[in-house]
Protein chains: 2
Amino acid sequence: MLRYLIIFVAVTNFFATGMYVVNPGPQYPPTKGEVWPKPQYEKKEDKYFTHNSSFIITPTNYTCDILNKAIERYAFTVRALHNMARRSRKNKPHRHRQVRGAPTTEKYEEVHRTHALQKMEIVLTSPCEELPHLNMDESYSLTIDRISILRSESVWGALRGLETWSQLFYLTDNYTQLRINKTHIMDYPRYKHRGLLLDTSRHYISVSNILKTLNAMAMNKLNVFHWHIVDDQSFPYQSEKFPNLSALGAYHSSMIYTHEDIQKIIAYATERGIRVLPEFDVPGHTRSWGVAYPDILTKCYDKKNVIGLGPMNPINNATYTMLGQLFEEIQEWFPDKYLHVGGDEVELNCWKSNPELQDYMAKHNVSAYQLHAIFMQNVIPLLQNKSLPIVWQEVFDEGVPLSSDTIIQVWKNQWVNTMVKILEAGHRLIFSASWYLDHIKSGGDWTDFYIADPRLMVYNATGNDSLLDNIIGGEACMWGEVVDDANVINRVWPRSSAVAERLWSASLAASYRARKDALTDARHRLEEHTCRMNRRGIAAQPPNGPSACVTHIHQ
Amino acid sequence: MLRYLIIFVAVTNFFATGMYVVNPGPQYPPTKGEVWPKPQYEKKEDKYFTHNSSFIITPTNYTCDILNKAIERYAFTVRALHNMARRSRKNKPHRHRQVRGAPTTEKYEEVHRTHALQKMEIVLTSPCEELPHLNMDESYSLTIDRISILRSESVWGALRGLETWSQLFYLTDNYTQLRINKTHIMDYPRYKHRGLLLDTSRHYISVSNILKTLNAMAMNKLNVFHWHIVDDQSFPYQSEKFPNLSALGAYHSSMIYTHEDIQKIIAYATERGIRVLPEFDVPGHTRSWGVAYPDILTKCYDKKNVIGLGPMNPINNATYTMLGQLFEEIQEWFPDKYLHVGGDEVELNCWKSNPELQDYMAKHNVSAYQLHAIFMQNVIPLLQNKSLPIVWQEVFDEGVPLSSDTIIQVWKNQWVNTMVKILEAGHRLIFSASWYLDHIKSGGDWTDFYIADPRLMVYNATGNDSLLDNIIGGEACMWGEVVDDANVINRVWPRSSAVAERLWSASLAASYRARKDALTDARHRLEEHTCRMNRRGIAAQPPNGPSACVTHIHQ
């Protein structure tokens, strides 16, 4: 009997005697069938359904390739769980033991058992769109019953609803039965730009790991893959017009993205309702361009000696000619309406050191700061209104005049002040300052990401909610200095899941107590979600502490 | 021409203008054919040999299974590089480009080219031992020439020499040729206990990842796999005598180590000259034992209420009877002379709260501290001199009388004082305090591990070198709270490589300048070593910053 005592004593309990009782078993037992990110409205009943292999999903009204493929994918995902249960049932009884500490489902056993699920109808009320976009409609409603209904206005909402549907399934404690509760969900995202930045220049990331990342993004309802594709260190983008950029500027011929690779990545993302936002960061962070094209960069001087190449040369027409032609190619290859042109961390000291630029600045009475403004003013028209620009906050900070449709990405210190200024100037912004995945901490840090909410920050600072709508979202940023194929997946997941829920779900309550409860709730749900990612082939790392995720049932 | 300028400007150069010139290409270009950990004595000439498929390795004097298998393994490893070169030669010329910034080998091209290697003789001067042990001889000498000679007194030295031999090979800049330079090496370890602790209780680690870890240990010349196999959270060791320990105490039936698994792991380790040191931590960290056997644990009280189970019950004979029988089984299954019996972090407050123990302490006039001493004094004789004990430092700190052959593992704060006390008491010790792999830092931290040297610490504190020999080594510790199969390999490697070199190679020089140079040197070598691990299937993460490791040549 005593052993039940230990099991049910809460882990975090401190006693009068100062003892810290450690529970044998997982520290935060995972939930069963809870959805990540948390839906806006969810009502779940005790009554549950089982799953058998005659279950079908049928689209009604409209359908399309994207929807049909998604149905196939999610049916497969649920069948994999179904097969785990089947294998467990065939096993010897002594192998059925549940992971200790997990919340028990057995009490439902007799009372709430109902029928097997029969089918799910997907009611799409508009024809499918072909490409995800900033203003796509991702809302959906989902009713789980013997005949379930997933209803959405757009195919993107249907994708989000299918993901939710797949997450509502859970295995019983001994893994012998797959269940889903009678549930009603109405759901929609709080922010419309929910991104993950991946830097593929400091280290090359293989196409297969990018596809894996897109899969995980779909599991977390993230909808923008911000591809920071080139930077100082290497130029893996293989241009058709300027093949030497990668032939000389990539790390190695095995470390490039061909047009074919890019098409594959965009198609894969599109099928999952994810936009691919390419970033070609100018005029800084461009040294790898200079391996093939040194003339478009600025020679940096130490007194009279050239000591290297710095940012792009802002007074060389060749720079703009090449950028214009390259942008044209990029716009052809990447279908998204937005193109990120960077603009961060420009090495103004290099410009200041260059005699030619010194002359120019003297003659036109402009500072190096203003040179940056001039550069960006020359670059943005090169998009020829075929793309809208996204830029890092420096471009705004340094007073570059920007059209009102430019989106500004906030990443630096004193981000609240910066956000207020950007919003007051009438711009839209996306937020990243609290979500740098390259900053790590012993024992884990996703809760820091989780509690950061840009709209709340601005509201708390200004008491004004009229500006908040222009905070259209944010991005978790995986800079690549110490991340490559060996660790990128487990460095990004499940830490980005925290950002994903913050951007999709309702905001955290204001009271300290309510936030604490919400965090504890999230800890348990994130355990389930991490295990779910593991089961679907994403090597997400443990979010909290001791835990056990059963990914395979052996016979 | 300009692009050569950038390439050769040092990365870390700060200029008068305050510019930070970023090199396109890797931040610390990898070395070519440098050995990790660094050999004690190495003389390398410019003259080099190529490798072709007629090359053979022949043991002379003595040989055995362990040696023959190692020869096969290492011949295979080098053949894999050979095949990369072969594939590169078959590729179109424009695909041969080297990773920029890598030190060039082309200058040797004409001058130093010699013949292909013909063979290597392994001269073993004693018969093979069957099991690695604390005092095994790991020294070897290696002469690379057309006919190379690897000479060692013991098979363990031959294993270390073969690893070194495989690391001396390098691919030319464009990957088209595999080379090895004329070299003479005399090598031996500075510390004899060079371990890695893996905790398989907080999270289960699969057998295949343990085998991978052993492979990586051999690549780093680590020789003790400290298997912290059970703890509070789960009991994955499947005992024959007490099957319920894992049947009830493991997380799940898929998360156990069977006798067969253990045999496989020990055999794999033995073939690589690695000892498997099992730890069964008592009397604390044992709550998972209590799921099946609550009576051997102490009931912890809050006033009059039992609130859980704490450390083992030190006044229950059943505890010792069971431990004696279990130790017998462990001694039969694990051939190492040492058995780690833990002894850390005993929850004395639980003992103090228990009325029965309160009576006992009053009657015998002993404190809870002394109860710990009594417990350990009762436990150590259970080893029946068939194993020698290793214990965590608390057992020494708390005044438990220990025989002089007990080894003490130092892990807590103020480690220098603790080491001095242990050494003055005539004990041997192993050091871990600076090498906790669960402590992580943004941007990487292996250099912190690298500069920590227990003998230097004690010498600097005491000015006395007569005590130093009893510091017999140390261990990097991978506690499992936030590490599972998803991230264990890249969390451990190459960070443990830093510890491995500290324990094998000569000590760092005292002068600040020399240490700084040694660190820079190590950065470049660790880049090569990390890439080498990647090529051999170990997902080691980037150690320094931007880099590029070519692992496959596609055709």
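I started from the record. An unreviewed UniProt entry places "domain: Glycoside hydrolase family 20 catalytic" on residues 191–506 of chain A. The model I am looking at is predicted. I looked up the make-up of that stretch next. Residues 191–506 of chain A are 40% helix and 18% strand.

**Active-site annotation.** Which residue does the "active site" annotation cover? The unreviewed UniProt entry puts it on Glu345(A). I found Glu345(A) in the loop that runs between strand S14 (338–342) and helix H10 (348–353) of chain A. Its relative accessibility is 45%, so I log Glu345(A) as partly exposed. I then listed its contacts, leaving out residues up to four places away in sequence. Glu345(A) touches His285(A), Glu394(A) and Trp411(A).

**Helix H5, chain A.** I checked the length of H5(A). Its 13 residues should span 18 Å at 1.5 Å a residue, and the end C-alpha atoms are 19 Å apart, which agrees. I also checked burial. Ten of the 13 residues are buried, so H5(A) is largely enclosed by the rest of the structure. Among the buried residues I noted Val207(A), Asn209(A), Ile210(A), Leu211(A) and Thr213(A). Leu214(A), Ala216(A), Met217(A), Ala218(A) and Met219(A) are also on that list. What do the buried residues of H5(A) pack against? They pack against H4, strand S9 (193–199), strand S10 (224–228), helix H7 (259–271), H17 and H19 of chain A. Just after H5(A), Lys221(A) takes a positive phi of about 55°.

**Helix H19, chain A.** I moved on to H19(A), residues 512–535. This helix has 24 residues. From first C-alpha to last it reaches 34 Å, close to the 34 Å expected at 1.5 Å a residue. Its buried residues include Leu519(A), Ala522(A), Arg525(A) and Leu526(A). Charged side chains turn up there too: Glu527(A), Glu528(A) and Arg532(A) are on the buried list. The buried residues of H19(A) pack against helix H4 (155–168), helix H5 (207–219), helix H15 (446–451) and H18 of chain A. Just after H19(A), Gly537(A) takes a positive phi of about 90°.

**Helix pair in chain A.** I looked at H2(A), residues 65–90, against H4(A). They pack at an angle of about 5°, with axes 10 Å apart. The two helices are therefore roughly parallel to each other. H2(A) brings residues including Ile66(A), Leu67(A), Arg73(A) and Tyr74(A) to the contact. H4(A) brings residues including Val155(A), Trp156(A), Glu163(A) and Trp165(A). By class, I have 13 nonpolar, one polar and two charged residues.

**Helix pair in chain B.** Among the contact residues are Ala70(B), Ile71(B) and Val78(B) of H2(B), with Leu159(B), Leu162(B) and Ser166(B) of H3(B). The contact holds 13 nonpolar, one polar and two charged residues.

**Tyr268 in chain B.** I found Tyr268(B) in helix H6 (residues 259–271) of chain B. Not counting residues up to four places away in sequence, Tyr268(B) touches Leu211(B), Leu214(B) and Asn215(B). I also took its distance to Glu527(B), 259 residues apart along the chain. Their C-alpha atoms are separated by 27 Å.

Most residues other than glycine have a negative phi, and most peptide bonds are trans. I therefore listed exceptions. Lys303(A) has a positive phi of about 55° although it is not a glycine. It sits in the loop between strand S12 (297–302) and strand S13 (305–312) of chain A. Buried or exposed? Lys303(A) counts as exposed, at 73% relative accessibility. Gln414(A), not a glycine either, has a positive phi of about 55°. Its loop lies between strand S16 (407–410) and helix H14 (415–424) of chain A. Gln414(A) is exposed, with a relative accessible area of 61%.

For peptide bonds, I found a cis bond joining Trp493(A) and Pro494(A), with omega about 5°. Pro494(A) lies in the loop between helix H17 (488–492) and helix H18 (495–504) of chain A. In chain B, a cis bond joins Trp493(B) and Pro494(B), with omega about 5°. Pro494(B) lies in the loop between helix H16 (488–492) and helix H17 (495–504) of chain B.

Notes: Residues are numbered from 1 along each chain as its sequence is written. Chains are lettered from A and ligands numbered from 1 in the order in which they are written. This is a predicted model: local features need pLDDT of at least 70, side-chain atom pairs count only at pLDDT 80 or more; totals for chains, interfaces and linings use all residues. Side-chain values use heavy atoms; hydrogens and water are left out. Helices (H or I, at least four residues) and strands (E, at least two) are DSSP runs, numbered from the N terminus. Buried means under 20% relative accessible area, exposed over 50%, partly exposed in between (1.4 Å probe, protein chains only). The expected span of a helix is 1.5 Å times one less than its number of residues. Contact means heavy atoms within 4.5 Å. UniProt positions are given in the numbering used here, feature names are shortened, and annotations may be inferred rather than shown by experiment. Axes are lines fitted to C-alpha atoms, for helices over the stretch in contact, and angles run from 0 to 180 degrees between N-to-C directions. Angles under 35 degrees count as roughly parallel, over 145 as roughly antiparallel, 65 to 115 as roughly perpendicular and the rest as oblique.
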